[in-house]
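Morning, everyone. Please have a look at the structure on the screen, and I'll walk you through a few parts of it.

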Amino acid sequence: MSNPNDREVAEQEHEARRSGLAAAMLRIGASLDLETVLNEVVESARALTGARYSVISTIDETGAPQDFVSSGFTEEEHRNMVEWPDGPKLFAFFRDVPGPLRIADFPAYIRSLGFSADFLPSTPKTFQGTPMRHRGAHVGSFYLAGKEGGRVFTDEDEAVLVLFAAQAAAAIAHARAYHDERRARADLEALIETSPVGVVVFDAATGGLVSFNREANRIVESLRMPGKPLEQLLEIMTCRFADGREVALAELPLATLLSNAETVRAEEIELSVPDGRSVTTLINATPIRDGDDAFVSVVVTVQDLAQLKELERMRAEFLGMVSHELRAPLASIKGSAATVLGRSRNFAPAEIEQFFRIIEEQADRMDSLIGDLLDAGRIETGTLSVAPEPSEVVDLLDWARTTFLSGGGRHRVVIDLPPDLPQVLADRERIVQVLNNLLANAARYSPESSPIRVEAAREGVHVAIAVSDEGHGLTPERLAKLFRKYARDGERSADGGLGLAICKGLVEAHGGRIRAESGGPGQGARFTFTLPAADDTGGAAAGAERSRAAAHSDDGERTRILVVDDDPETLRFVRDALGEAGYAPLVAGDHEDLVHVLEKEKPALVLLDLMLPGTDGIELMEQVPGLSDVPVVFISGYGRDETIARALEAGAEDYIVKPFSPTELVARVRAALRRRAEPDSFVLGDLTIDYDRRRVCIGERPVALTATEYELLRTLSLRAGRVLTYEALLRQVWSGRNSDAKIVRAYVKRLRRKLGDDAKRPAYILTEFRVGYRMPRPDDP
């Protein structure tokens, strides 16, 4: 007969366990954080069953180990568990156990499976485990070991284990579903935010604005009042339909318009405000209903028709231009042929020869125009290729001048070159084509009595070649449009509107840039383009050898180039182009591991897509410190001047607009790397830094610097013209060993004192308040 006291103790223990279990369930249910839930599960299960150790191991959807959560282990025991060689095999064995498992002699059981049992100083005697499943899906396993007093686990202990395992499995499944949902939502939001079509969402009941993307904001930006929110614009806007109807939103609230739940497809609507500003758009509207078929919101897509209308205008101009340009030589050909064939008198052989010469010249003109059209198409599709080789600038200019004069040019061409001009990397025929276009353009818009001047000078790692005339000049508005394809404005164009666009494409394919300048109408114009300098003069073979050497570091390894782009086709194209050029491309489809990749791989240059899911490249330049330590070249389909300006202001080394050819890509990468290559010396006023000898002088006076002081000065001088933040300096000079900006300020103070630099009016190290420091470029005014 049982003792009443024993029954009372048992009931008290049972009640305590039930209360503890209920309290644990409440704590588990109170949190949505997976880590908190799993830690609560292992702690509570261990306490309620009297186990010394508690472990949850989770697996991902493929069955691979994922997380390991434990309780009761000392740091040494946890380390031994993780480093135990047989651990993965044993966990894999338990992972396949179909149901709960209780073992009275755990060490003997492990040895019977062929595993060692010495992973803990005192391997627990008893053990119980169970798989964790949620709706049939296996998400991991839950183990308890070492019940107090060496006792075996009971049925009640097993019930607790199974109950907690179910709670943990549900938490894991819910966390994964939540993560998948958030990722899907983030992907959708990134897709909408970066869409080239404006997207606006309205609440159906109130007509209130729920959300709008970047493009929608850009479309209506010209209608907004400065400092006023977009919601205020909806109160004053008028919608004018293609059939003449007008709807003023102030008189007919948006909620009333939306209440009809009508679907709108491709409706051309002009949006205007009272002061006359307007924008023409193409609108689509789709009502959204919930599960009960209730009308909850309206999604409106907005397309700016200004760009489409501009394309249509350019197309019409292009067709008119081609028709005009082809008609002129055709008329000459037809007239000459008709005169010879239908002659009413006998022409002298010399006269007939002249007619045939006209036919030949005009046929050549048509052939040239067709060639320009084909080049324009290759530039547009990124298939234009060039074959650069070391070339003397004087030879290119002489060739171009001879071609210009032999083709009927009447202007005097004055060439002015410095004696120490280096060779350039150029496809000779293509660069002569650029020069001929610029010379013909200058001749067309300047008097015959005025000369055309051609000059060249070195600009860093490039050589700049300029063609100047004393002709009509250009207004600032027309300067901005000069290099657009098929642009023709009557004041100045080149070769029927194609020449300057082709010049731009050819120069950029070499890795250079082209620009136009003018003081205004009547003050002439100056066109300048750059080509990479080729300092050695070993001819084509040397140029090819240099190209291969540029893709290798000093130790002979291939130079690493990191490419970050979410477009698989672009990644494949860039990877192949860089690989062919001898570089070692590293590709990444997203930016999630960018910090880790930069630290591990230490690339020499980063090719970064401007638009990435959930962010853009300019934001990454601000958020990822490591990007300030390497040259960054943006690749993007956005070619707007303001976008390129933003990228360069953010610290980008260069900007390539898609589509681009492999030749242009490699040329720009090579030029960016050469710009960042350490020069032999740096001279700023009286300050001279000899990098090879690590020697610093002010005039003739040597300056003694410590290793850290020299490294700080060297880092600032190599980035002259750019602001280096405190964080960047700490990372580059102190290798991240110190995080206090005060040490940077202290070393700058000491440097200034040794250089004789006045802190109030510094000449060498300039302060950017609360940001960092910079050194001026030697060529800054």
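Let's start with a question. In which sense do strand β28 and strand β29 pair, and over how many bridges? They pair in the antiparallel sense, over four bridges. Strand β28 covers residues 687-690, and strand β29 covers residues 695-698. Find I689 on your screen: V696 in β29 stands opposite I689.

One thing to keep in mind before we go on. This is a predicted model. Everything I show you today is computed from it.

Now widen the view. β28 and β29 belong to an open sheet of four strands. The order is β27-β28-β29-β30, and the pairing is antiparallel. Which strands sit at the edges? They are β27, at 681-684, and β30, at 701-702. Each of these two pairs on one side only.

There is a helix here too. Helix α22, residues 707-718, lies across β27, β28 and β29. The helix runs at about 100° to β28.

Is D690 buried or exposed? Its relative accessible area is 18%, and the cut-off for buried is under 20%, so D690 counts as buried. What does D690 touch, leaving aside its neighbours within four places in sequence? The contacts are D680, S681, R695 and Y710. S681 falls in the range of β27, 681-684. R695 falls in the range of β29, 695-698.

Next stop, strand β1, residues 51-59. Eight of its nine residues are buried, so β1 is largely enclosed by the rest of the structure. Which strands does β1 join? Take β5 to begin with, residues 137-147: seven bridges link β1 to β5, and the two run antiparallel. In that pair, Y53 stands opposite A145. Then there is β2, residues 65-71, joined to β1 by five bridges, again antiparallel. Here I59 stands opposite P65. β1 and β2 form a hairpin, with five residues between them. In the turn, G63 has a positive phi of about 95°.

A quick reminder for anyone new to strands. In a regular strand, side chains alternate between the two faces of the sheet.

Now strand β6, residues 198-203. Five of its six residues are buried, so β6 too is largely enclosed by the rest of the structure. Six bridges connect β6 with β12, residues 295-304, and the two run antiparallel. Three bridges connect β6 with β7, residues 209-212, also antiparallel. Watch F202 here. F202 stands opposite V298 in β12, and F202 also stands opposite L209 in β7. β6 and β7 make a hairpin with five residues between them. G207 in that turn has a positive phi of about 75°.

Let's finish with the whole chain. How many helices and strands does the chain have? There are 24 helices and 33 strands. The chain has 781 residues, and 43% of them are buried. Take contacts between residues at least 6 apart in sequence: 61% of these join residues at least 24 apart. Last, the surface. The accessible surface of the chain is about 41,000 Å², and 52% of that belongs to carbon and sulfur atoms.

Definitions and conventions
Residues numbered from 1 in each chain as written. Predicted model: local features only at pLDDT ≥ 70, side-chain atom pairs only at ≥ 80, totals over all residues. Heavy atoms only, no water. Buried < 20%, exposed > 50% of the residue type's maximum accessible area, 1.4 Å probe, protein only. Contact = heavy atoms within 4.5 Å. Areas by Shrake-Rupley, 256 points an atom, 1.4 Å probe, with all protein chains shown as cover. Pairing = 2+ DSSP bridges. Axes fitted to C-alpha atoms, helices over the stretch in contact; angles between N-to-C directions.
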